[in-house]
Amino acid sequence: MMVKQSKRRRVVQAAIPGAVLVGLLAVPGLAQARGATSVPPASGSGLAQRCPLMAGMRFAPADGGRPVQIMAAQVVPPSAAGQGAQGEAQPALPAYCKVSGVIDPRKGADGRAYGIRFEVNLPLAWNGRFLLQGGGGLNGSVRPAVGGAAAGAVPALARGFAVASHDSGHQGAVFDASFRTDQRATLDFAQAAVPAVAQLGKAIATRFYGRAPAHSYMAGCSTGGRETMLAMERYPALFDGLVIGAPAMRTGFSNLGTTYAKVMFNQAAPRDGQGLPLPDKAFSAADRQTIRAGLLAQCDGLDGRVDGMIMAVAQCHFRPAALQCHADKQDGCLSAPQVEALDRAFAGPRDAAGRALYAPVPFDTGVVDTSAPVSGYIADGRTDILGPPNRDLTVDLDARAAAIRADWMQALTDTDGWTDLGSFLGHQGKVLFYHGVSDPWFSALDTLDYWKRAGKTNGAAWAQSSRFYMVPGMAHCQGGDAFDRFDLLGAVVDWVERGEAPAAVVATRSQGIAARPLCPWPGYARYNGGDPDRAESYSCAEAPVAGAAAAAGG
């Protein structure tokens, strides 16, 4: 099947006269009238005039009676495309009404202000859809509600979606975990903020437009991916379509996996005068080039073209042993301890009984990268946003695993276990997963394993409602030597609203015009000939589910 550029579709629904003013009930997936009056629908200038009035409106309590406070509402004029403060691309956005508020504002026992702060952006030209935007890290701030996750170059707000975002119930830096001393804030982060903001966001949209959203969606990556999994598993009636990227679905064990890998690399590193490893010297720049070159030599051409990328993920069976020096260590080959460290680290940790504690990690071009704020999976021994370098030579895996299992808030936060999705699938819900193969934080094979286990639990209904996309070369959620811009949001909308099951999705680089098809697992983009920068020069080839896939439980 040759890949064709998807046509842009817009669904603009006419306002319904005499629509009912809708309040909010704390029932997952429902927004029902409570003491409501009729509000005439409006559009264009009428909506612009209605916007500031939203600040004085009252909404029914959320999530078991927690009060809702609207703090501000204002019209934001349209903006042209440009660059942000960090040089990142900023898309053009239409005029919209920005509604800000907080659910259950309160002061915790620690004296800090808590509450689920939120933002709902309501375009004056609405397409009848609602999107809840997932968060990132440990949240702690309300990110602009534009809906950019897996939306290609045109985020949800620019398409006419009403979009909501939130801070999950606390304020702080992205990796600040101090909120966990407050029970309510921890429960909000773990699960409660998602349904509360989803229901309130829909109610705000209904109040503003005079009619309820026709369809509701959620999309996010990392923590946002976990939150989207949470909605699918625990609040199955909230959304019609979901896009889940690189979910932080079991961070206790994924962190254990990266810790184990660093210890394995430390065992291959030279030591200082105190006998401690020098992590930055475990693999030199020349060693990293050797690994990348050897990986490409073994796997690059499997997709029909030698181009420095490994598209045939399932067929790549990289053997570090092929790079081992036959004599003394020198540039261009690896020492025996380095080879052993690679084998063990990428295979993942196991307990004393031999049971896997975390998934294997796929070998991909980004594993040797040192240019990003966090290095590829082969750690470079520097202090980064995750903290100082690990210099341990041993790790008690059984003790660490026991501590993770004893952390009940971690268990409540995790979303890797529940695979019975009958209610979500029963109302024809659709879900697309994606994961960068070079992700240094969470293994793409772990997400694939969940997707496959869900398939076993739900049978044919899963095959009719879900797809999984590996993104070769992509790091965590974006970046890397990858075609990391793709529109899975549009694909899930077409599936939900038109019954068009997604196949290949055109992916481009953030810079330049080169394109590739992003293929549903276990397919991959195979080069057929012609201009290599055009997606039409490739087709989705079916790969046998072996090697990397088998390692993930296939």
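The chat below goes over some local features of a predicted model.

Colleague: What should I know before reading the values?
Modeller: This is a predicted model, in which local features need pLDDT of at least 70 and side-chain atom pairs count only at pLDDT 80 or more, while totals for chains, interfaces and linings use all residues. Residues are numbered from 1 along each chain as its sequence is written, and side-chain values use heavy atoms, with hydrogens and water left out.

Colleague: Where does F433 lie?
Modeller: F433 lies in strand β10, residues 430-436. Strands (E, at least two residues) and helices (H or I, at least four) are DSSP runs, numbered from the N terminus.

Colleague: Is F433 buried or exposed?
Modeller: F433 has 0% relative accessibility, so F433 counts as buried. Buried means under 20% relative accessible area, exposed over 50% and partly exposed in between, with a 1.4 Å probe and protein chains only.

Colleague: And what is F433 in contact with?
Modeller: Leaving aside neighbours within four places in sequence, the contacts of F433 include M229, I244, W451, W462 and F468. Contact means heavy atoms within 4.5 Å.

Colleague: Switching to helices. At what angle do α5 and α7 pack?
Modeller: Helix α5 (residues 251-267) and helix α7 (residues 336-347) pack at about 175°, with axes 8 Å apart. That makes α5 roughly antiparallel to α7. Axes are lines fitted to C-alpha atoms, for helices over the stretch in contact, and angles run from 0 to 180 degrees between N-to-C directions. Under 35 degrees counts as roughly parallel, over 145 as roughly antiparallel, 65 to 115 as roughly perpendicular and the rest as oblique.

Colleague: Which residues make the contact?
Modeller: From α5 they are Y260, A261, M264, F265 and Q267, and from α7 A341, L342, R344, A345 and F346.

Colleague: How many aromatic pairs are there?
Modeller: The whole structure has 14 aromatic pairs. In one of them, the ring centres of F346 and F363 are 3.9 Å apart and the planes are at 15°, so the pair is stacked. Rings of Phe, Tyr and Trp (its six-membered ring) pair if their centres lie within 6.5 Å; planes under 30 degrees apart count as stacked, over 60 as edge-to-face and the rest as tilted. Both F346 and F363 are buried.

Colleague: Which cluster do ring pairs form?
Modeller: Ring pairs link F318, F346, F363 and Y377 into a cluster.

Colleague: Backbone now. Where is the cis peptide bond?
Modeller: A cis peptide bond joins W521 and P522, with omega about 5°. P522 lies in the loop between β14 (515-518) and β15 (523-527).
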